[in-house]
Amino acid sequence: MKWRLVVLVLFSGIFLAACGGSATAPTTRSSPTNLQSTTGSSATTSSPGSGPTILHVTRTDPSATNNIGPLDKTITDSVMVQQLYSSAQQAPAYATSTSISQSCLNDTGVIYHLDFLQGTSEIQRMNLDPGNCKILYLSQTDLRQASAAFLQMLTQALQVNSLTSN
């Protein structure tokens, strides 16, 4: 049982290192250069502390087949962004004390990098594995179980048919 937890922690660390995850405090970033709106509206500026208003999403596929390809979209619908952010923050902790299925450990598929911004200031970065494990990495030590509702909301916001296939 303990070796499974060690394997999960090791797998998580390698995954986050490969995806650029960070356990550090959010930083301020300069204006993103190649952000394109998926809604056609301009980003709204809100008062400090009211949460993210923009979500920049990129996708990588480290699998050998790389069949889904890259994605780079920005969501500027602040209501949708705040709903996604709230849903992610409320997701239950990923159950690391239970046994991890082999299909979960062997999942080397698609990863979504979610950058929640307020204007040009970064609020939080997250990584999502929507495959077999459905893990949402809020930081290197904060793993959450992505719900079906969160995955569906992200699918709709990105205007894609599926998060794991073309």
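**Helix α4 and the cores around it**

Helix α4 is followed by Q159, whose phi is positive, near 55°. Helices here are DSSP runs of H or I with at least four residues, strands are runs of E with at least two, and both are numbered from the N terminus. This is a predicted model, in which local features need pLDDT of at least 70 and side-chain atom pairs count only at pLDDT 80 or more, while totals for chains, interfaces and linings use all residues. Residues are numbered from 1 along each chain as its sequence is written, and side-chain values use heavy atoms, leaving out hydrogens and water.

**Packing of α4**
- Buried residues (under 20% relative accessible area, 1.4 Å probe, protein chains only; exposed is over 50%, partly exposed in between) of α4 are F150, L151, M153, L154, T155, A157 and L158.
- They pack against β1 (54-60), β2 (71-75), α2 (78-90), β3 (111-118), β4 and β5.

**The cores**
- A nonpolar core is a set of buried Ala, Val, Leu, Ile, Met, Phe, Trp, Tyr and Cys residues joined through side-chain atoms within 4.5 Å.
- The largest has 27 residues, of which Y112, L114, L128 and F150 touch the most other members.
- To this core, α4 gives the most, with six residues.
- A second, separate core of six residues includes Y94, C133, Y137 and L143.

**Positive phi values**
- Q159, in the segment after α4 (148-158), is exposed at 55% relative accessible area.
- K134 is not a glycine either, yet its phi is positive, about 55°.
- K134 sits in the loop between β4 (121-129) and β5 (135-137) and is partly exposed at 32% relative accessibility.

Methods
Contact means heavy atoms within 4.5 Å.
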